[in-house]
Amino acid sequence: MLADSFDFGLWMIVNLVFLVTSVAALVMAAMAREDAYRAADKKTKPFWLVILGVAVAVNLFVPMLFLSIAGLIASIVFFVDVRPALQQVSGGGRRRGGSSSDGPYGPYNGGR
């Protein structure tokens with residue numbers, strides 16, 4: 001009895017993590033500009049919106065682990081590959097100017 005409730009609770013936590021990840025990826029994909037996808041040489045915006053939308057729908061309505069994992073993989077690919085390329089092209093990112101040799105406390109001059 002206790003093991004069954006633990007399994008159900010664990011499944012609910014895993015499903016919630018998958019759902020939050022796919023929703024976050026879908027929102028970020030929707031917020032990016034269409035031309036940024038082409039400039040970054042990635043698939044089109046509608047392609048990613050459909051893929052991530054299907055991932056959200058699967059996590060909401062189809063309780064199959066295999067399909068949920070496929071949606072999670074699509075979300076991870078978006079976060080790891082597509083989103084950084086879109087930020088690079090769009091000019092968004094953490095850099096606020098400065099040199100590539102700047103550290104957290106100022107420029108690094110090689111110990112000179």
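Read along the sequence, the protein runs α-α-α-α-β-β. That comes to four helices and two strands. Helices here are DSSP runs of H or I with at least four residues, strands are E runs of at least two, and both are numbered from the N terminus. This is a predicted model, where local features need pLDDT of at least 70, side-chain atom pairs count only at pLDDT 80 or more, and totals for chains, interfaces and linings use all residues. Residues are numbered from 1 along each chain as its sequence is written, and side-chain values use heavy atoms, with hydrogens and water left out.

**Whole chain**

Show all 112 residues. Of these, 23% count as buried. Buried means under 20% relative accessible area, exposed means over 50%, and partly exposed lies in between (1.4 Å probe, protein chains only). Now consider contacts, meaning heavy atoms within 4.5 Å. Among contacts with a separation of 6 or more, 65% join residues 24 or more positions apart.

**Stop one: α3 and α4**

Select residues 45-61 for α3 and residues 65-90 for α4. Their axes are 9 Å apart, and the packing angle is about 140°. That angle makes α3 oblique to α4. Axes are lines fitted to C-alpha atoms, for helices over the stretch in contact, and angles run from 0 to 180 degrees between N-to-C directions. Under 35 degrees counts as roughly parallel, over 145 as roughly antiparallel, 65 to 115 as roughly perpendicular, and the rest as oblique.

Check the handedness next. The crossing of α3 and α4 is left-handed: the near helix is turned anticlockwise from the far one by less than a right angle.

Now show side chains. On α3, pick W48, I51, L52, A55, V58 and N59. They meet L67, S68, G71, A74, S75, V77, F78 and V82 of α4. The contact residues divide into 10 nonpolar, four polar and no charged. Ala, Val, Leu, Ile, Met, Phe, Trp, Tyr, Cys and Pro count as nonpolar, Asp, Glu, Lys and Arg as charged, and the others, Gly among them, as polar.

**Stop two: the salt bridges**

The whole structure holds two salt bridges. Each needs a side-chain nitrogen of Lys or Arg within 4 Å of a carboxyl oxygen of Asp or Glu.

Select R33 and D35. Their side chains meet at 3.0 Å, N to O. R33 is partly exposed at 46%. D35 is partly exposed too, at 35%.

Move on to K42 and D81. This salt bridge spans 3.1 Å, N to O. K42 lies in the loop between α2 (34-39) and α3, and D81 in helix α4, so the pair ties together parts 39 residues apart in sequence. K42 is partly exposed, at 27%, and D81 is partly exposed, at 37%.
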